[in-house]
Amino acid sequence: MRGREDEEVTAFVRASHGRLLQTAYLLCGDRGKAEDLVQTTLAKTVMAWSRLQRSEGIDHYVQRVLVNTFVSSTRRRSWWEQPLGRLVEGRARDEYGAVEQRDWLRRALDALPARQRAAVVLRFYEDLSEQATAEALGCSVGTVKSLTSRGLRSLRIRAEADAAGESEVRYA
């Protein structure tokens with residue numbers, strides 16, 4: 001039985017890693033931090049694997065762990081490793097930053113508060129319903145609507161400011 005469980009866990013990790021990495025990148029805006037976030041999320045999932053039911057529950061659990069770990073990391077700065085200085089070498093190629101719109105979106109999402117960012121990413125990138133987003137965030141549907149509305153309003157303000165050439169704008 002243990003061998004079969006190991007095979008299921010391995011298959012799940014292989015199947016979900018890419019999607020989780022993309023979502024984590026949109027949440028935190030940094031490839032290295034996204035990889036750390038996914039690794040932590042998958043480690044927590046593996047530890048709880050025997051408790052999880054194989055139905056749709058595991059995907060919801062993983063999304064919730066990913067979001068909760070991200071939001072917690074924004075509260076505890078010591079969670080992420082902090083570099084002591086800049087590297088002399090050039091920056092590694094960022095496969096997500098090749099398109100100007102993606103880069104703009106990443107910077108715009110990074111400017112949002114963590115829970116607003118999580119709500120926007122889950123609703124519009126992961127294409128979750130309001131109910132599923134509420135479950136992932138551990139809040140009510142009304143809170144998801146409010147977080148999403150505020151996040152989208154901030155993104156619109158930023159887009160309008162960038163189009164007008166303004167550099168410093170206060171976001172809602």
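Mentor: Helices here are DSSP runs of H or I with at least four residues, numbered from the N terminus. The model is predicted, so local features need pLDDT of at least 70 and side-chain atom pairs pLDDT 80 or more, while totals for chains, interfaces and linings use all residues. Residues are numbered from 1 along each chain as its sequence is written, and side-chain values use heavy atoms, without hydrogens or water.

Ser 73 lies in helix H3. Its relative accessibility is 1%, so Ser 73 counts as buried (under 20% relative accessible area with a 1.4 Å probe, protein chains only; exposed is over 50%). The side chain of Ser 73 comes to 2.5 Å from the backbone oxygen of Phe 70.

Phe 70, in turn, is among the residues with the most contacts inside the largest nonpolar core, together with Leu 109 and Leu 137; this core has 40 residues (buried Ala, Val, Leu, Ile, Met, Phe, Trp, Tyr and Cys joined through side-chain atoms within 4.5 Å). At least two core residues come from each of H1 (2–28), H2, H3 (57–75), H4 (100–111), H5 (114–125), H6 (130–137) and H7 (141–164). The most, nine residues, come from H1.

Leaving aside residues up to four places away in sequence, Leu 137 touches Val 67, Asn 68, Arg 115, Ala 118, Ala 119, Leu 122, Val 144 and Leu 147 (heavy atoms within 4.5 Å).

In H2, the buried residues are Ala 34, Leu 37, Val 38, Thr 41, Leu 42 and Thr 45. They span an arc of only 125° around the axis, and therefore lie on the same side of H2 (the arc is taken from the directions from the helix axis to the C-beta atoms). Exposed Gln 39 and Met 47 sit on the face of H2 turned away from its buried side.

Terms used. A polar contact is a pair of N or O atoms within 3.5 Å; within protein, one must be able to donate a hydrogen and the other to accept it, and residues adjacent in sequence count only if both atoms are side-chain atoms.
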